[in-house]
Amino acid sequence: MSDLAVKEYVERVRATLGNADGAADVLAELQAHIRDECQRRGGSDSATSAVLSELGSPEAYATAMRDAARGSTTADDDDQTLPQGKILGMPYDLRGANTERIMRRLWNPADPRVFMPRMFGVGWTINFGALAVKLGAGRPDDFGDEAFAHAPEWSVRAALGMPVVFAASILALVAVTWRTLPLMVPTHWGPSGVPDGWSSKPIALGLLLTVGVIPAVVGMFLAVRAEGSVRKRLAIAAVLTAVTTLALGITIVTVHDASGVSSSGNLIIAAIGVMLLLSFLVFYIPARLGVAAEWRQSLDSAADDGQYNGGGKQ
Amino acid sequence: MRADSVARISQMRKGAVELATLGLLAKGELYGVEIVDSLSALPGLAVTAGTVYPLLSRLKKAGLLDSAWRESSAGPPRKYYRLTPEGRRSLDDLTCVWREMSDAVETLLAEVSVDV
C-alpha cells in the first residue's frame, strides 16, 4: 500500500519533469530521500505518508526541482558568465537573444563588469548598468526590477519612440534625396574618412533601409505585444536605438558624400558615440525616474505607518 | 592551487555564501554595503561586491529576502534587506543540513593527512 503511494508519487514527479535536464538525477535523489526518511521513521505506512506529505504535491516538488536547476544555470551565467566559446580570445555566443539575456548584459548594475560577453555574435557588449554605478549615478542594487516597474510610462514610450523617429528619418532622407543621388554611392570609407568603395544606389540604400527600418517595424510590433513589461520594452528600445542610430548615421554620411564634393566618413565615429549615449539613456532615465518614484512611495508609506525610524542605521 | 581545484572550490563556496548571507540577515536587516563588508571580512568566503549583489537579487527573486527603502543620513535612501518567513525556514533547513554535512566530512577528513 505505502509502496504504491511512493510509486505513484515518483511517477507523477516523473510526468511533470518530462525530459528536462537532469530529470533522472532528480528522480534518483527523490527515491533515495523517501527510502532513507521512511527507514529512519520506522518504515510504517504512516511514516511513509508523513514523508510524502512533507514533500508537498508531486507537481510542486517537480516544479521546485526544475526551478532550482534553472536557477543554478542562471547563477553560473551571472557569476562566471561562461561565454559559449572563444575565438581568438574573444567570447562568442550564438544562442538566441531574449529579454533576460539582453538585460543581463546591457543593464545589469549588480554586476561590476562594464564589458560583458556579447549576447549574440562575437566580442563584448557594454553593461550600461555597471557604467551607471561606476559613474556614481547609483548603487549596484538601486535599479532593481522594481525601479523599472515604477518607471513612468512616458519614459518607456519615449525610449521606444526614438528608434521610430530614426527609422522614419532614414526613410525620409532616402525618399527626398533619391532622385538627385548619382547611380553609385559610397559604401566604404578609408581611415581618413574619404570614401574608397562605391556600390549601386539601389543596393546600398536598400540595405540601409532593410537594416534601419524593418527591425524598427518588427520591434514596435513586439513592443506593443509586450505592453505590460517595462523590462521587455526597454530591451527592445535599446537594441533598436543602437541599430537605427547607426543606420541613420551611415545613411547621412552616404547621402552627404555621394556628390563627391566633400567627405564626412569620420562622422560614423560620432554616430557610434551618439549610439552609446542614447543606449545608456534608454535604460538610465526610466530607471532613475522609477527609483525616485519608489523612494517617494515607500518613504511616504513608512512615514504614515510611523515606522519611519525603524531602520535607523546611520 | 590547481585550476580545476579553483573551479571546484567556487562551486562549493556558492552554497556556503548563500547560507552565510541568510545567516547574517537573521540577526536583523542590513543594507547592501553592510552585507558586502560583513561577508568580505570573512576571508574564507572570498566574496566581493560583484558576487554579493547578484546573490541578493537572486535570493530576493526566490522569495527568501525582501527589501525596503530607508532614509539615509548620508546620500540617497538605502535599500535594506531582511529575511522573509520563507527565508527563515530555508535558513533553518540549510543550517541543519550544513551541520550534518560538515560533521560527516570533518569526521572523514580527520583520518586523512592533508597538507594545508
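The bend at a residue is the angle between axes fitted to the seven residues ending there and the seven starting there. With that in hand, here are some close-ups of this predicted model.

**View 1. Helix H9 of chain A bends by about 25° at A:Thr210.** This helix covers residues 201-225, and its 25 residues reach 36 Å from first C-alpha to last, close to the 36 Å expected. Its buried residues include A:Leu205, A:Leu208, A:Val213 and A:Met220. Among the elements covering the buried residues are helix H8 (153-177) and helix H10 (230-257) of chain A, along with strands E6 and E7.

**View 2. A nonpolar patch on the surface is formed by A:Ile214, A:Val218, A:Phe221 and A:Leu222.** Together these residues have about 370 Å² of accessible area. A:Val218 is found in helix H9 of chain A and is partly exposed, at 44% relative accessible area.

**View 3. A:Arg41 and A:Glu37 form a salt bridge, with closest N and O atoms 2.8 Å apart.** Here A:Arg41 is partly exposed at 29% relative accessibility, whereas A:Glu37 is buried at 15%.

**View 4. A salt bridge links B:Lys61 to A:Asp145, the closest N and O atoms being 3.9 Å apart.** B:Lys61 lies in helix H3 of chain B and A:Asp145 in helix H7 of chain A, so the pair joins two chains. B:Lys61 is exposed at 59% relative accessibility; A:Asp145 is partly exposed at 32%.

**View 5. B:Arg82 meets B:Glu29 in a salt bridge (3.6 Å, N to O).** B:Arg82 sits in strand E3 and B:Glu29 in the loop between helix H1 and strand E1 of chain B, so the pair ties together parts 53 residues apart in sequence.

Terms used:
Residues are numbered from 1 along each chain as its sequence is written. Chains are lettered from A and ligands numbered from 1 in the order in which they are written. This is a predicted model: local features need pLDDT of at least 70, side-chain atom pairs count only at pLDDT 80 or more; totals for chains, interfaces and linings use all residues. Side-chain values use heavy atoms; hydrogens and water are left out. Helices (H or I, at least four residues) and strands (E, at least two) are DSSP runs, numbered from the N terminus. The expected span of a helix is 1.5 Å times one less than its number of residues. Buried means under 20% relative accessible area, exposed over 50%, partly exposed in between (1.4 Å probe, protein chains only). Contact means heavy atoms within 4.5 Å. Patches are made of residues with over 30% relative accessible area and no salt bridge: like charges are joined within 9 Å, nonpolar side chains (Val, Leu, Ile, Met, Phe, Trp, Tyr) within 5 Å. Accessible areas come from the Shrake-Rupley method with a 1.4 Å probe; for residues, only the protein chains shown count as cover. A salt bridge is a side-chain nitrogen of Lys or Arg within 4 Å of a carboxyl oxygen of Asp or Glu.
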